[in-house]
Amino acid sequence: IKRHNTPCIGLVVAAYLIDEISGGSKCSEFSLPWEFHYLCKQSFENTHLKLLFEAALNVMHHQLQRSLDTQGVSPGGSRTIAYERRSALHVAERVLGWSFTSSDENKVIDLAFGSSGAVSKAGASGRRSGSSAHLGDLEDGDEYNKPGHAILDNELQNRTPFFPTEWQDLLLNNDVLALFFSIYEATLNDQMHIYFSPGSSHMALQCMIQISGLRGKLIFKQTETKSADTLRAHYATAIMQNQLRIIRHVCTMDLTSDASEEMVVATTQMIRRFIEAQLDEQPETTVAGERLHPLALLAAGVPETFEYFGEVSRFICLLLRATSGILKTGDHEGIDEDFGDMDNYFVMQAFDELASAWTSIINEIREWRFQVEASGDAEQGQLSGSSSDIAGADTDGQIGNRSVLKSFTQFLTSTAYMIRSEYIQLRMLMCEDSVKESNSRDDAQSIDHGLLAKDYIVYEDQLQFFALLARLDIRQSMDRLYESLYSRCSALQSEFTRLEDAMGSGTYTDGDSTNTQHSIDILHEQIHWIVLLMGYTLADSGNSERVLIPSSILEASAGSHDIEHDFVVQGIMTILKTLQFELMSPSSILASYGSPLLVETLLWTLKRIAPVYFMIDSSDYRHPSLNIVLSFGKPSEGGSGPAVIDGILDFVRRTFDLWISEEDVLQMCVDMLLAFAQRPNIAQEITR
């Protein structure tokens, strides 16, 4: 590789050798003891692996410089540069996905040992694509980019391997980190040439994903001149600066085009990997006797921290907005053919990646707050504050956890509104599309898919993400949800009233039936989703422990002037009124227009929130909400809980009368009653 002017042959051989020694090729088929393979791998990674990686870096750097110096030369010269660059990326990708042997005596067999292409699958994440991007002359058997190897679906290894301390000089070198991002930009320029191979940009993206998630105490072990936290801060600075360039470039692209699929998904993957790796690392620096929080370390050591997270939040909104745009223009028929539905579209998969990373940040701050409240530090427990707090000194001019996490909370709160608004708008558009698609099917296919695949299970991650965002500003969030639910319930009631009047006057026609049914179906679907969002926001799930009202909701409810202006109470009451309206008499001529899916969703929501809010025990809370106690509490405390429970039992009886043929609806009734039985206060009221 070093001695010849054309290092391609050496690089190709090195790639094969790495794949062979890693255990991902046919080396496990020679009937040799596993101990032999282990010792070979250990010896190879200790003596040759780093040298091969360094050689590949030198080739990439040399060819990157040559490509800048030889712009405008003959296609033959450019073809050589692109081929050598691709060969070096091939080696680098495999090295960055290498699974290192244990440094102690606990020898563990790699899960990927003996599986074909193990290194490339571990280092890469693959991607879903309708067309393969092959390496051309490199290798006919490469599998890293065949259809089906999706970045988001690959669970073999979705985190960067632990690199030993000896790799510090390479992997924590800012020039090396920037090199991979520059190489990727060079591969984009190659796309205009006939000799371009999509494998180059794919491998560059995989390398960027891997280096974005460096982690572990070994690679960040302190040196003679730098502490471990200083190394982490310098590394985070380099990654943020380079990722910011990529994020801003992606945000200028057409996010819905097939050409942008790989870059959009890979960008979200590297963002998630970086954020989760940073949150997993516990800093060693202490301020006022308290260990610095990972987010505080980023804010203190990386000037681009809030700029970076601001761009990520903007990226999340753009992904949701792009999907909404497709639904508004009606250009999603082809997408449904390729992906099944819009939720499987690569833009929504990319949103799921960023939502997962954002959830990790919010949960980190929530956990910190719980710890502070448990310690009884009321001052630190207050998460309100201005962004200028971060510039203040907590102790001896040093930034501490309190000021930084206050600033992060305020930043997340300010961005949460935009994300929530985009998500609600998208969901409402998807409801209209779902009804339209259902109406276009023939009778044999018009099955209510909502009853077959429960939305509260399929979309649990998205719903929980929305709930976390909503609780950052619970009053504004619940006001928006309550207004949306109330307006659509009023519209639904108006449709039923108009329908009943038309039937009574004899002016009802088949055309009216079709239009009315379409409008009612859309409203049912939209109410179904709003109720799901409210259910996840108002209460957490808890199968094995007693669930209490979230503190943010309790505080906001307690701060309301009266019950009429309490969004929590009014939201729950609207859910009850909606169920009452849907459970009309079986003899009514409008009964056939009801929605078993909505009834099941309403019952599921009551199963989730009723054990938390109904017959509330004030002794469970330090500062209970008087409005909740009066609306749903025990009679001994002046509450109306028994009347509400009695009304729900009447709903159960009416459900069995109206939906006797809907097994899922009846099963949800039973599940709701079982949830009630697990709360002694509610169970006693039912049996009484």
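# Helix packing and burial in a predicted chain

Student: Which residues does Leu 666 touch, not counting residues up to four places away in sequence?
Tutor: The model is predicted. Leu 666 has its place in helix 27. Setting aside residues up to four places away in sequence, Leu 666 touches Thr 655, Phe 656, Trp 659 and Ile 660.

Student: How far apart are the C-alpha atoms of Leu 666 and Thr 655?
Tutor: Thr 655 is one of the residues that Leu 666 touches. Along the chain the two are 11 residues apart. Between their C-alpha atoms the separation is 7.4 Å.

Student: Is Leu 666 buried or exposed?
Tutor: The relative accessible area of Leu 666 is 15%. The cut-off for buried is under 20%. Leu 666 therefore counts as buried.

Student: Which residues of helix 27 are buried?
Tutor: Start with the cover. Helix 18 (455–458), helix 24, helix 26 and helix 28 are among what covers the buried residues of helix 27. Those buried residues are Val 665, Leu 666, Met 668, Cys 669, Met 672, Ala 675 and Phe 676.

Student: What distance does helix 27 reach from its first C-alpha to its last?
Tutor: Helix 27 has 15 residues. At 1.5 Å a residue, 21 Å is expected. The model comes close to that, with a reach of 21 Å.

Student: At what angle do helix 24 and helix 27 pack, and how far apart are their axes?
Tutor: Two numbers describe the pair. A pair of packed helices is described by the angle between the axes and the distance between them. For helix 24 and helix 27 the angle is about 10° and the axes are 9 Å apart.

Student: Is helix 24 roughly parallel or roughly antiparallel to helix 27?
Tutor: The packing angle is about 10°. Angles under 35 degrees count as roughly parallel. So helix 24 and helix 27 are roughly parallel.

Student: Why does the span of helix 26 agree with its length in residues?
Tutor: Helix 26 covers residues 641–658, which makes 18 residues. At 1.5 Å a residue, they should span 26 Å. The end C-alpha atoms agree with this because they are 26 Å apart.

Student: What covers the buried residues of helix 26?
Tutor: The buried residues of helix 26 include Val 644, Ile 645, Ile 648, Leu 649, Phe 651 and Val 652. Thr 655, which Leu 666 touches, is also buried. The cover includes helix 23 (567–582), helix 24 (596–613), helix 25 (626–632), helix 27 (663–677) and helix 28 (680–687).

Student: Which residues does Gln 570 touch, not counting residues up to four places away in sequence?
Tutor: Gln 570 lies in helix 23. At 14% relative accessibility, Gln 570 counts as buried. Leaving out residues up to four places away, Gln 570 touches Tyr 482, Ile 563 and Glu 564.

Student: What is the relative accessibility of Ile 246?
Tutor: Ile 246 has its place in helix 9 (residues 228–251). Beyond four places in sequence, Ile 246 touches Phe 181, Tyr 184, Met 208, Met 263 and Thr 267. Ile 246 counts as buried, with a relative accessibility of 3%.

Student: Is Leu 218 buried or partly exposed?
Tutor: Leu 218 is found in the loop between helix 8 (198–211) and helix 9. Aside from neighbours within four places, Leu 218 is in contact with Phe 163, Pro 164, Thr 165 and Gln 168. With a relative accessibility of 46%, Leu 218 counts as partly exposed.

Student: How far apart are the C-alpha atoms of Leu 469 and Thr 537?
Tutor: Leu 469 is found in helix 19 (residues 460–472) and counts as buried at 1% relative accessibility. Leu 469 and Thr 537 are 68 residues apart along the chain. Their C-alpha atoms are separated by 9.0 Å.

Student: What share of the contacts with a separation of 6 or more comes from residues 24 or more positions apart?
Tutor: The chain has 28 helices and two strands. Of its 688 residues, 53% count as buried. Among contacts with a separation of 6 or more, the share from residues 24 or more positions apart is 78%.

Definitions and conventions. Residues numbered from 1 in each chain as written. Predicted model: local features only at pLDDT ≥ 70, side-chain atom pairs only at ≥ 80, totals over all residues. Heavy atoms only, no water. Helix = DSSP H or I, 4+ residues; strand = E, 2+ residues; numbered from the N terminus. Expected span 1.5 Å × (residues − 1). Buried < 20%, exposed > 50% of the residue type's maximum accessible area, 1.4 Å probe, protein only. Contact = heavy atoms within 4.5 Å. Axes fitted to C-alpha atoms, helices over the stretch in contact; angles between N-to-C directions. Parallel < 35°, antiparallel > 145°, perpendicular 65-115°, else oblique.
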